[in-house]
Amino acid sequence: MLRKTNNFSDILLQENPSDVLRRSFEGGRIAQTYLFAGKASVGRMAVAKAFSALLQCKSPIKDENGRLDSCGKCEDCKRIISNSHPDVKLITPNGNEIKIEQIRELQDIAILKPTLGNWQIFIIDPAEKLNQSSSNALLKTLEEAPAHSLFILLASDTGAVLPTVLSRSEIVRFNSPSHQQVRDILQNKFNMEPEAAAACYALSEGNFGQALAMAEDYEYDPEVFTIKRAHTNYLLQLQMFAQLIENDFSSVNTLEQAVNKAWQLQTMTYQPLLEARKQLCRSLVMNTGLPKAFPLMFSQEIINTIDSASAFIRKSLDPMLAESKKSYPSAVIKDIETQISSATDKWGSDQIEKLFVCLMNLYTDAMLMAANAEETLLLNLDRKEDIITLARVEGFALLRSRIEMLEKSINLLRRYIQPLLILENVITQIGGAEA
Ligand SMILES: [Zn+2]
């Protein structure tokens with residue numbers, strides 16, 4: 001990873017929010033609750049950590065512009081870098097939401113004096129996952145919190161945050177970088193060739209944080225796969241990814257860790273799989289007139305592989321569960337098993353959703369091209385030739401209807417409608433339409 005410090009000077013592309021926070025620190029006008037509003041992965045967490053470090057640091061330094069920043073060397077700074085500061089707590093969803101028990105726990109800690117740092121800091125990510133009761137509990141905490149506690153809420157959709165919580169927060173807005181800004185950063189910070197930077201960013205599906213993480217060990221392979229090879233490779237990489245996850249799970253030895261790990265599955269990435277998915281989607285959109293039987297066979301194989309990968313991942317937690325059966329009531333074990341199952345199921349359905357998102361991004365680029373937009377607006381700049389061909393062959397209206405079809409399919413998928421039927425339908429529509 002690029003970010004081995006928590007200094008503001010290492011924050012990329014978020015100078016405005018960084019300046020707002022540093023100025024409030026320098027002027028001693030620190031708000032008790034901040035709401036960082038901006039899309040996921042644009043750097044809100046990096047800024048939250050930089051700000052926490054500045055607040056906790058024992059001896060802040062001045063940067064070359066005379067701005068205060070954390071020293072990066074004191075105990076507080078080091079602990080924040082390694083995510084182990086006792087007075088900087090991260091609150092993330094337990095399951096699908098942030099529950100009232102989590103906020104009650106936070107409430108108990110918030111009244112205590114910080115143990116190491118100057119503040120008790122709580123980072124809530126994402127604030128949209130607070131439900132009605134945990135939002136109300138949080139509001140009460142904010143109203144009663146002692147002066148040494150500070151709250152940072154991260155949200156991409158402020159409309160989903162309780163208005164009373166919103167009105168108590170100082171809102172700090174984050175920019176969404178343009179495709180070109182990210183590609184420039186990849187080129188400049190990682191010395192990547194323009195094509196490699198474009199390919200790396202495109203593989204991250206426009207996710208800035210992921211692109212940065214990937215840039216470190218990116219190897220550019222311009223080879224174009226045929227659809228069959230792309231399909232086989234995608235299935236193979238899915239299995240490899242499941243194996244990688246299994247390795248990661250082998251270190252788990254408590255029930256709590258098991259549940260956390262299972263829910264973290266959603267954020268794990270594996271570059272060869274991203275690459276394989278991209279190649280597969282590219283082959284699919286470029287290939288018209290697929291054989292009639294293709295969509296069903298193709299979809300079945302994908303669904304089977306995903307199902308067996310999820311089962312494999314689930315199974316790797318079995319030894320730990322068996323061990324826990326000796327010391328926990330069966331109702332607890334049952335609940336944990338259910339949670340692990342739903343997390344791995346979610347991981348599986350996410351794989352199909354990601355395929356659809358990847359297809360949608362290619363069509364969106366083609367639609368932009370068909371509307372004579374500038375090339376720099378393309379997400380998949382590494383596939384420029386393909387995009388131009390696609391725009392010419394399919395035209396604006398058809399491309400738009402394909403995007404709508406994919407949006408609808410994603411919605412169906414999220415409602416747990418038969419994934420095989422949805423996938424088969426998508427492949428039929430985009431691949432074999434003329435049959
Ligand atoms: Zn420090």
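Trainee: What distance separates the centres of domain 1 and domain 2, taken over C-alpha atoms?

Mentor: In this predicted model, the two centres lie 33 Å apart. Domain 1 covers residues 8–173 and domain 2 covers residues 223–429.

Trainee: Which residues have the most contacts inside the largest nonpolar core?

Mentor: They are Phe36, Leu153, Cys200, Leu359 and Ala366, in a core of 112 residues. Helix H15 (residues 330–370) gives the largest share of this core, 15 residues. At least three residues come from each of domain 1 and domain 2.

Trainee: Why does serine 283 count as buried?

Mentor: The cut-off for a buried residue is 20 or more other C-beta atoms within 10 Å. Serine 283 has 20 such neighbours, and therefore counts as buried. Its place is in helix H12 (residues 271–286).

Trainee: Why does serine 41 count as partly exposed?

Mentor: A residue is exposed at 12 or fewer neighbours and buried at 20 or more, with partly exposed in between. Serine 41 has 19 C-beta neighbours inside 10 Å, so it is partly exposed. Serine 41 belongs to the loop between strand E1 (33–37) and helix H2 (44–56). Its phi is near 75 degrees, a positive value in a residue other than glycine.

Trainee: What makes asparagine 83 count as exposed?

Mentor: The limit for an exposed residue is 12 or fewer neighbours. Asparagine 83 has 9 C-beta neighbours inside 10 Å and therefore counts as exposed. The loop between helix H3 (75–81) and strand E4 (88–91) holds asparagine 83. Asparagine 83 also has a positive phi, near 55 degrees.

Trainee: How do you know that the span of helix H13 agrees with its 22 residues?

Mentor: At 1.5 Å a residue, helix H13 (residues 294–315) should span 32 Å, and its end C-alpha atoms are 31 Å apart, so the values agree.

Trainee: Why are the buried residues of H13 said to line one face of the helix?

Mentor: The buried residues include Phe294, Phe298, Ile302, Ile306 and Ile313. Seen down the axis of H13, the buried residues fall within an arc of 115 degrees, and so they line one face. In an α-helix, residues three or four places apart point the same way, because there are 3.6 residues a turn. Among the elements covering the buried residues of H13 are helix H10 (227–249), H15 and helix H17 (419–431).

Trainee: Which peptide bond is cis, with omega near -10 degrees?

Mentor: The bond from aspartate 125 to proline 126 is cis. Most peptide bonds are trans. Proline 126 is in the loop between strand E5 (120–124) and helix H5 (132–144).

Conventions
Residues are numbered from 1 along each chain as its sequence is written. This is a predicted model: local features need pLDDT of at least 70, side-chain atom pairs count only at pLDDT 80 or more; totals for chains, interfaces and linings use all residues. A nonpolar core is a set of buried Ala, Val, Leu, Ile, Met, Phe, Trp, Tyr and Cys residues joined through C-beta atoms within 7 Å. Helices (H or I, at least four residues) and strands (E, at least two) are DSSP runs, numbered from the N terminus. Domain bounds come from an automatic or database domain assignment. The expected span of a helix is 1.5 Å times one less than its number of residues. The arc is that of the directions from the helix axis to the C-beta atoms. Two residues are in contact if their C-beta atoms, placed from the backbone, lie within 7 Å.
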